[in-house]
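Student: I would like a close look at one helix pair and what surrounds it. Please keep it brisk.

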Amino acid sequence: MNEIRLYIALYADEDISAVVIREIQKRGYDVEHARHMGHDEWEDEKHLEYAASVERTLLTHNIKHFEPMYKKWWCAQRPHAGVIVSPQFETGEMVRRLLKLLDTVTADEMKNNYRHLGEFA
């Protein structure tokens with residue numbers, strides 16, 4: 001029987017502000033940050049591979065590279081815990097939108113999915 005995971009566990013790449021990470025963690029969400037893990041020199045696809053291997057949804061500002069990578073993985077039917085992309089909003093706006101996503105989308109709904117924080121105004 002598959003267990004449904006309610007809350008999204010995030011893996012934020014090195015482009016995401018440490019302040020945003022701290023604000024999300026202060027509210028009780030599970031977030032790993034590439035910079036804190038020594039992953040800041042990794043290529044983009046390695047971030048997605050890692051996130052998929054530990055069942056974490058990838059959070060990035062790098063829309064230009066991750067949108068086509070998501071499509072490539074989709075076509076190849078490679079499983080992952082999802083990709084969340086965002087423009088570089090001001091910190092408070094980024095936190096607000098991310099919390100809205102985290103409070104309305106389950107981890108199960110994020111599986112193999114691609115979401116843009118622009119949807120969460």
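Student: At roughly what angle do the axes of helix 2 (residues 44-53) and helix 3 cross, and within what distance do they come?

Tutor: The axes cross at roughly 55 degrees and come within 10 Å. This is a predicted model, where local features need pLDDT of at least 70 and side-chain atom pairs count only at pLDDT 80 or more, while totals for chains, interfaces and linings use all residues. Residues are numbered from 1 along each chain as its sequence is written, and side-chain values use heavy atoms, with hydrogens and water left out.

Some terms come first. Helices (H or I, at least four residues) and strands (E, at least two) are DSSP runs, numbered from the N terminus. An axis is a line fitted to C-alpha atoms, for helices over the stretch in contact, and angles between N-to-C directions run from 0 to 180 degrees. An angle under 35 degrees is roughly parallel, over 145 roughly antiparallel, 65 to 115 roughly perpendicular, and the rest oblique. Helix 2 and helix 3 are therefore oblique to each other.

The crossing of helix 2 past helix 3 is right-handed.

Now the residues. Helix 2 brings Asp44, Glu45, His47, Leu48, Glu49 and Ala52. Helix 3 meets them with His65, Phe66, Met69, Lys72 and Trp73. Contact here means heavy atoms within 4.5 Å. By class, this contact has five nonpolar, two polar and four charged residues. (Ala, Val, Leu, Ile, Met, Phe, Trp, Tyr, Cys and Pro are nonpolar; Asp, Glu, Lys and Arg are charged; the others, Gly among them, are polar.)

Take Glu49 in helix 2. Its relative accessibility is 37%, so it counts as partly exposed. The scale runs as follows: buried is under 20% relative accessible area, exposed is over 50%, and partly exposed is in between (1.4 Å probe, protein chains only). Beyond four places in sequence, Glu49 touches Trp73 and Arg78. His36 is 13 residues away along the chain, and its C-alpha is 18 Å from that of Glu49.

Next, follow the chain out of helix 2. Glu55 lies in the loop between helix 2 and strand 3 (57-60). Glu55 is exposed, with a relative accessible area of 54%. Its phi is positive, about 55 degrees, although it is not a glycine. Most residues other than glycine have a negative phi. Asn112 also has a positive phi, about 60 degrees. Asn112 sits in the loop between helix 5 and strand 5 (114-116), and is partly exposed at 28%.

Gly82 is buried, at 0% relative accessible area. Leaving out residues up to four places away, Gly82 touches Arg56, Thr57, Leu58, Met110, Asn112 and Asn113. Leu58 is 24 residues from Gly82 along the chain, yet their C-alpha atoms are separated by 6.3 Å.

Tyr11 is buried, at 0%. Outside four places in sequence, its contacts include His47, Tyr50 and Ala51, as well as Arg56, Thr57, Leu58 and Leu59. Tyr11 and Tyr50 are 39 residues apart in sequence, but 8.8 Å apart C-alpha to C-alpha.

Now the nonpolar cores. A core is a set of buried Ala, Val, Leu, Ile, Met, Phe, Trp, Tyr and Cys residues joined through side-chain atoms within 4.5 Å. The largest has 22 residues; Ile8, Leu10, Ile24, Leu59, Leu98, Leu101 and Leu102 touch the most other members. Strand 1 (10-12), helix 1, helix 4 and helix 5 (107-110) each give two or more residues to this core. Helix 4 gives the largest share, six residues. Apart from this core lies another, of 13 residues, among them Ala51, Met69, Trp73 and Val83. Met69 and Trp73 are also in the contact between helix 2 and helix 3.

Helix 1 (residues 18-26) and helix 4 (residues 91-104) pack at about 40 degrees, with axes 10 Å apart. That makes helix 1 oblique to helix 4. The crossing is right-handed. Helix 1 uses Val19, Val20, Glu23 and Ile24 against Thr91, Met94, Val95, Leu98, Leu99 and Leu102 of helix 4. This contact has eight nonpolar, one polar and one charged residues.

Terms used:
A crossing is left-handed if the near helix is turned anticlockwise from the far one by less than a right angle, and right-handed if clockwise.
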